[in-house]
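Hi there,

Here is the structure I promised to pass on to you. Have a look at it first, and then read my notes below.

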Amino acid sequence: MDKGLHLYNTLTRTKELFEPLQPPNVGMYVCGPTVYSDVHLGNCRTFISFDLIFRYLKYSGYKVRYVRNITDAGHLEGDRDEGDDKFAKRAKLEQLEPMEIVQKYTLGFHDVLRMFNTLPPSIEPTATGHIIEQIEMIKIIMDNGYAYEANGTVYFDVEKYSASYNYTILTNRNLDDMLANTRELGGQDEKRGRLDFALWIKAKPETIMRWPSPWGVGFPGWHIECSAMSAKYLGDEFDIHGGGMDLAATHHTNEIAQSEACSHKQPAKYWMHTNMLTVNGARMSKSAGNGFLPAELFTGDHPLLDRGFSPMTVKFFMLQAHYRSTLDFSNEALDASEKGFRRLMNAVNLLDKLVPAAESDFEIAPIAANCIKAMNDDFNSPVVIAELFEATRIINTVYDGKGKISAAELGKLKKLVSDFVFDIFGLKDEDASNTELNDVLEMVIDIRKAAKENKDYATSDKIRLGLQSMGIQLKDSKEGTTWNKV
Ligand code: AMP
Ligand code: ZN
């Protein structure tokens, strides 16, 4: 396959593309968070998208080794190996050790992803835990002639690399245009070429996070950690490398260059990039100051929020967009997602109450086939959600006695929900897990039943209307009374 032309966002027919990999093993590397501060909702979108991909590959029978790193060193504020170290700056601000900062925000990151019910990766390596591997890789790149040392800092030689390899393979940019748009080197610069980037950076006297190396005391550049850790855990060539779209032009471009300069091999077969979560059209980012923290979203405690939204509502909102489309945050869109998610969950909760008939008005296999087809077509979750709403309609029709379903079709319907809603999307019914609410409502429903039996309709109506004003609707049927949120 011509990797050069097809590398960027080309995972369109998943099953087919992976078929040659039998026995089914997939190596997937995703760039993880930089843990000097809380993750915002935009970061979460990327990790939730790769969780969907991880879950679907596993569901499809692949054995996936999913590596997602933690960047806990070597991140400077400037794009071009300049500026303060983000960890050291934050440590000063919070009066903590840099590693206390790392620990605090790594734990926070895990807590947030747990709330979104994402699966942990198979390996979660840290940059600081792999300094030796990074140094070893830099040594090989230098031995191969693609890097040079200048005054304790090691730079990657982009011009030398470009003579044999394609530096713009991911972006299709023109190298001359890139050069024209990059600041010229001044007399002070140690770099030989304008596009050269640091593999190892000499420590300043005030640098706290520092390690010994063959080039003196310093710390690794940001890009080398992912090349070193992906090669260590997945090999020189693996299947999928992912991250947000904003990483393609620099971080991933430099990763490919480093890996090729080391092993002479393209590291990943498929590069997958998730699109950005935006706010009023602008990318959500830490530096732009428009990054909601997930906790603010859940409580509603943010000036741009009308109220709070639950983690599963937010996850459903994200799944309603394809991972390669931009997704704009708005209160209205979240309101709509909340309604949609409740409609789906209310129907799911009715599944066990459906009584099968001898015949069936509905066939579930075409719906299930459409879901698989959509997921095989570049993980098209919005199409799957449309199909799940069709399943919702069937459930409600049968429950309302306006249609029949056979035991066999009901079994398929249950499997569809279990596979797609729970296993692949990783959604969960937040109300069902709220056992206190369930217990209280069960008790209230019992009191209302007793009131009705005693012909005390004033009390039974008071309960029904009171619950309704709280957004809880009771529904009476032959089988008893059920409730759902409206
Ligand atoms: P960072 O912690 O800044 O390195 O980002 C972690 C991951 O989140 C990277 O894969 C980024 O590309 C991704 N990311 C950052 N901002 C957004 C956004 N607004 N929407 C989606 N993903 C994002
Ligand atoms: Zn990375």
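Let me start with D378, which sits in the loop between α14 (365-376) and α15 (381-399). Helices and strands here are DSSP runs, H or I of at least four residues for helices and E of at least two for strands, numbered from the N terminus. At 2% relative accessibility, D378 counts as buried, where buried means under 20% relative accessible area, exposed over 50% and partly exposed in between (1.4 Å probe, protein chains only). The phi of D378 is near 60 degrees, a positive value in a residue other than glycine. As background, most residues other than glycine have a negative phi.

Before going further, a word on where the values come from. This is a predicted model, in which local features need pLDDT of at least 70 and side-chain atom pairs count only at pLDDT 80 or more, while totals for chains, interfaces and linings use all residues. Residues are numbered from 1 along each chain as its sequence is written, chains are lettered from A and ligands numbered from 1 in the order in which they are written, and side-chain values use heavy atoms, with hydrogens and water left out.

N172 also has a positive phi, of about 60 degrees, although N172 is not a glycine. Its place is in the loop between α7 (158-164) and α8 (175-180). N172 is exposed, with a relative accessible area of 65%.

Now the protein as a whole. It has 18 helices and 13 strands, and its C-alpha trace spans about 95 × 50 × 35 Å along the principal axes. Of its 486 residues, 52% are buried. Taking contact to mean heavy atoms within 4.5 Å, residues 24 or more positions apart account for 74% of the contacts with a separation of 6 or more. The protein exposes about 22,200 Å², and carbon and sulfur atoms supply 51% of that area; accessible areas come from the Shrake-Rupley method with a 1.4 Å probe, and for residues only the protein chains shown count as cover.

H251 has its place in helix α10 (residues 248-263), and its relative accessibility is 1%. A polar contact of 2.9 Å joins the side chains of H251 and H223. By polar contact I mean a pair of N or O atoms within 3.5 Å; within protein, one must be able to donate a hydrogen and the other to accept it, and residues adjacent in sequence count only if both atoms are side-chain atoms. Not counting residues up to four places away in sequence, H251 touches C31, W222, H223 and C226.

Helix α12 (residues 311-319) is worth a look too. How many of its residues are buried? The helix is mostly covered, with nine of its nine residues buried; among them are T313, K315, F316 and F317.

S337, found in helix α13 (residues 331-350), is buried at 1% relative accessibility. Leaving aside neighbours within four places in sequence, S337 is in contact with T313, F316, F317 and Q320, and a polar contact of 2.7 Å joins the side chains of S337 and Q320. D51, in helix α3 (residues 41-59), is buried at 2% relative accessibility. Not counting residues up to four places away in sequence, D51 touches N117, T118, L119 and K315.

Finally, T299 lies in helix α11 (residues 294-299). Is T299 buried or exposed? T299 is exposed, with a relative accessible area of 58%. The backbone oxygen of E296 lies 3.4 Å from a polar atom of the T299 side chain, and the side chain of T299 reaches the backbone nitrogen of D301 at 3.3 Å.

Best wishes
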